[in-house]
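Have the model open while you read.

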Amino acid sequence: MQINIDIVSDVVCPWCVIGYGRLKEALANFDTKFEVNIVWHPFELNPSMPKEGENLRQHLSKKYGTTLEGSIRARAMLTEEGKKVGFRFNYFDEMKMLNTHQCHQLLHWAKESNLQNQLAEALFEHFFSDKGTFTESELIHIVEKVGLNSQQAQSVLDNNLYSEEVKLVEEHWHQRGIHGVPLFIFNGEQALSGAQELATFERVLNQYLKRDY
């Protein structure tokens, strides 16, 4: 059975990683019953973030009032939840919140390549597990690693080729009342907001499976 899943997310959102991990686990539990088409949509959590970024703890303190103790607890909890879905969070004291506009341009460009999913996963891993940065040279390396054309990617970055398209897509979600991510939309009709539990994803997939019989 064909199922289309739209994922609205940001590549610096830890709950997007966890929610996606739970979705993948749910899909794996249905073995070969679904032919899955996933499309990633941009949602910049901090579109006005300067290119140099901002210390993550300071950013969360200003934006949400998060204390140092709260940050330590949250990072420990996210790390444990990541392990459950096979993802390694590697938080460090000087980690920054970054501007992700270039990442979303590359994801938009990769949509027609059948490698968008691999690029999204690689961006998550690069930020949360490895470097915590998104320099242009790192982005090009990530693109090459998943099998995309590095020269085309460089042109995207040099010329901001998909900047307006990304902004238009983000505005579309804002106009629909979406103010946080992740958001998972199944066949354009049923939406799950947030990093839902595995059982919730399985329940939705079961509904579609029963509908097909």
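## Ground rules

A pocket here is an open set of points on a 1 Å grid over the protein atoms alone, with protein on both sides within 12 Å along at least five of seven lines. A cavity is a set of points where a 1.4 Å probe fits but cannot get out, and lining residues have an atom within 4 Å of a point. Grid points are joined across faces, edges and corners, and a volume is the space filled by probe spheres set on the points.

This is a predicted model, where local features need pLDDT of at least 70 and side-chain atom pairs count only at pLDDT 80 or more, while totals for chains, interfaces and linings use all residues. Residues are numbered from 1 along each chain as its sequence is written, and side-chain values use heavy atoms, with hydrogens and water left out.

The largest pocket has a volume of about 460 Å³. Its lining counts 22 residues, and Pro 14, Trp 15, Leu 60, Tyr 64 and Leu 78 sit closest to the centre. Helices α1, α2 (56–64), α3 (68–84) and α5 (116–130) each give at least two lining residues; helices (H or I, at least four residues) and strands (E, at least two) are DSSP runs, numbered from the N terminus. By class, this lining has 16 nonpolar, 4 polar and 2 charged residues. Ala, Val, Leu, Ile, Met, Phe, Trp, Tyr, Cys and Pro count as nonpolar, Asp, Glu, Lys and Arg as charged, and the others, Gly among them, as polar.

Next comes the second largest pocket, at about 260 Å³. Of its 14 lining residues, Lys 51, Leu 98, Asn 99, Gln 102 and Phe 134 are the closest to its centre. Helix α4 makes the largest share of that lining, with 4 residues.

Ser 9, Trp 40, His 41, Pro 42, His 104, Leu 107, His 108 and Gln 116 line the largest cavity. β2 (35–42) and α4 (101–109) are the elements giving two or more of those residues. No charged residues turn up in this lining, which has 3 nonpolar and 5 polar ones.

## The fold around them

In total, the protein chain has 9 helices and 6 strands. β1 (residues 2–9) pairs with β2 in the parallel sense over 8 bridges; two strands pair if DSSP finds at least two bridges between them. Asn 4 has Asn 37 in β2 as its bridge partner.
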